[in-house]
Amino acid sequence: MSEESGEKGAQKPVVTFLGPVASYTHQATLSAFPNSTHTLTPTTTIEDVFASVQSGAAARGVVPFENSSNGSVVFTLDLFADVQAKYPDIVVCAESYVPVQHCLLGHARSDQQHATSLSSPGNAGGAGRRAGTGVIPSPLSSGAVTPTPSIPNPTKPTARPLSDLSRITKLYSHPQAWGQCKVFLNTYLKGVERQDVSSTSRAAQIVAEDESGESAAVSSAFAAEVCGLGVLARGIEDRVDNTTRFLVIKRRGDGRADGKDGADGEWKTLVSFTVDHANPGSLAHSLAVFEKYELNLTSINTRPSGVENWNYIFFVELKGRREEGTLDGPVNEALRELDPVCRSWRWLGSWESRLPQR
Ligand SMILES: O=C(O)C(=O)C[C@]1(C(=O)O)C=C[C@@H](O)C=C1
């Protein structure tokens, strides 16, 4: 992403992001839009980000799109699907990859309390608050995981608790985070109730407000600092290379794409389309137009169409660029040929790839 997005003038351009502050989305936003040149405004939901950009209240918005181990952020895909036509002008103009290292945050116990709890007979015997749930008491455990039907081949968690977790009865996080920390959570906090909230930093805020000490959040070390929480475990994600891709959105026609014009960098394009499911070959014919113009499809996602059960909207990402305001180039050619073979389609933006080169 470049810093060139947003309007010029006396006022700093507004960039909205999924907040509150200290979310991973905030980190992605800071990496692209410094505070010194932009007004960064947190919103409560991903939909709020779309709404503020669509209305023009914000010049740019930053939303999570996909995680390397847990897949697509379906909330964002559904907003791009835009069944109610609320966000017709939203297009993607940049992307950012952020390494995500999750922590378990809570109220750290005093040394005295901690020592007492670790030496209590309940914990030494593996019982304690979650007796019978198969929880391995921490931090005395071996870190081994018992196979379950959902995890037939478990790996050991790489992280170990830094504090006693036996009093934790409720976990808060964004739903995307659970799937990124399966091994740690199933090992040390199996059976503990999980509450989905709007973001990982919101989870940290809620836990900070709960002085009982019985709740914990899957969130970031940054959020621990901002909310004054302790880090009960660090690096609890299943994979050390856990990374989330964020997209920057803008209104169509609002300035050029946030890349360097004329740069040799690789470009990506996102297109959505629906097909007539009763017509054999309609999906295959739709995909074939991209092959005809040698456009390399790098991903396909589907979501329920929202119109009729068992009908889908397809999202394809491809290598290539459609410049706003032109009708030339292979992406435009392919879209022209897509038109008669699909039911509906929408160009959702072209931007310069920021995928780190290996
Ligand atoms: O930005 C945040 O903190 C979020 O809660 C969102 C989100 C996501 O939806 O992917 C961002 C990064 C992590 O992958 C987990 C959650």
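Me: Which of the 15 residues around the ligand come nearest?
Reply: Happy to start there, with a note on the model. It is predicted, so local features need pLDDT of at least 70 and side-chain atom pairs count only at pLDDT 80 or more, while totals for chains, interfaces and linings use all residues. Residues are numbered from 1 along each chain as its sequence is written. Taking near to mean a C-beta atom, placed from the backbone, within 6 Å of the molecule, the nearest are Ser23, Pro64, His174, Ser199 and Thr200.

Me: Where does the ligand lie relative to domain 1 and domain 2?
Reply: Domain bounds here come from an automatic or database domain assignment. Domain 1 (12-99 + 241-252) and domain 2 (103-234) both give residues to the shell around the ligand, so the ligand lies between them.

Me: How many residues of α1 are buried?
Reply: Helices (H or I, at least four residues) and strands (E, at least two) are DSSP runs, numbered from the N terminus. A residue is buried if 20 or more other C-beta atoms, placed from the backbone, lie within 10 Å of its own, exposed if 12 or fewer, and partly exposed in between. Tyr24, Thr25 and His26 are among the buried residues of α1. The helix is largely enclosed by the rest of the structure, because the buried count is 7 of the 9 residues.

Me: Is glycine 230 buried, exposed or partly exposed, and what is the class?
Reply: Glycine 230 is found in strand β10 (residues 230-234). With 16 other C-beta atoms within 10 Å, glycine 230 is partly exposed.
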